[in-house]
Amino acid sequence: MEHRLWSSGASDKNKAMVEQLQRYGIIKSSKVAQVMETIDRGLFVPPGASPYFDSPMPIGYNATISAPHMHASCLELLEKHLQPGMRALDVGSGTGYLTACFTIMVGPEGRAVGVEHIPELVTSSIENIKKSAAAPQLTDGSLSIHIADGREGWPELAPYDAIHVGAAAPQIPQALIEQLKPGGRMVIPVGTMFQELKVVDKNQDGKVSIRDETAVRYVPLTSKDAQLQAN
């Protein structure tokens, strides 16, 4: 997918970004298209960046916001587990973009939780969300962002129907498997030098199955200190 295809527009530009993802077959679900049109990516990218390019972007603190096609792919993979009233956990919530998408999908009767270990990103992500269509859920408490080590999840509100992890773990953290609800799904990049986006399903009996979806390249899921010291 060539970045130049999106360079001319800007949110007529957000809508154009979504339409482009649909044309490329990355967005197949009308619900995913609707939520990505509702949550303007431009509100969640640092000033001066090009939010509608299909590219990951640095957000400071050796972190990135994923490319739009990765967000779309993860929303597609998780859609059936982001129905109204369900619970979703976004690990490494960064600028808050995907957490905001989750809360629109699960609605005010559901619960969307973001965890991020960089306090400054938590603060800025809450400000981003306040400017977005997800602001009412922040006010009513059905959406919350917490300072925490994402490898430990957020057990206070577990179990979750959907878990998304926005950084690559060397292996799948056991705490996240435990916090996945029977019938739920987790999407997580796993690996160091070579990474795969893995889809983790837990059946109603609690049996876990894991499959590879695609090769990816994410920043590592690590401790706060290690992340801040990374080159």
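Let me start with angles between axes: under 35 degrees counts as roughly parallel, over 145 as roughly antiparallel, 65 to 115 as roughly perpendicular, and the rest as oblique. Axes here are lines fitted to C-alpha atoms, for helices over the stretch in contact, and the angles run from 0 to 180 degrees between N-to-C directions.

A word on the model. It is predicted, so local features need pLDDT of at least 70 and side-chain atom pairs count only at pLDDT 80 or more, while totals for chains, interfaces and linings use all residues. Residues are numbered from 1 along each chain as its sequence is written, and side-chain values use heavy atoms, with hydrogens and water left out.

Now the helices. Helices are DSSP runs of H or I, at least four residues, and strands are runs of E, at least two, numbered from the N terminus. Take α2, residues 30–38, and α3, residues 68–78. Their axes come within 10 Å and cross at roughly 135 degrees. The two are therefore oblique to each other. Who makes the contact, meaning heavy atoms within 4.5 Å? From α2, Val32, Val35 and Met36; from α3, Pro68, Ala72, Leu75 and Glu76.

Next, α3 and α4. These axes come within 11 Å and cross at roughly 35 degrees. On the α3 side, the contact uses His71, Leu75 and Leu78. On the α4 side, it uses Tyr97, Leu98, Cys101, Phe102 and Met105.

How covered is α3? Nine of its 11 residues are buried, where buried means under 20% relative accessible area, exposed over 50%, and partly exposed in between, with a 1.4 Å probe and protein chains only. Among the buried ones are Met70, Cys74 and Leu77.

On to the core. A nonpolar core is a set of buried Ala, Val, Leu, Ile, Met, Phe, Trp, Tyr and Cys residues joined through side-chain atoms within 4.5 Å. The largest one has 48 residues, and Met36, Leu75 and Leu82 have the most contacts inside it. Helix α4, residues 97–106, gives the largest share, seven residues. A separate core has 21 residues, including Val115 and Ile163. Back to Met36: leaving out residues up to four places away in sequence, Met36 touches Asn14, Leu21, Ile27 and Tyr97, among others.

Last stop, Met86. Where is it? In the loop between α3 and β3 (87–91). Met86 is partly exposed, at 23% relative accessible area. Its C-alpha atom is 6.1 Å from that of Asp161, 75 residues apart along the chain.

Technical notes. Contact means heavy atoms within 4.5 Å.
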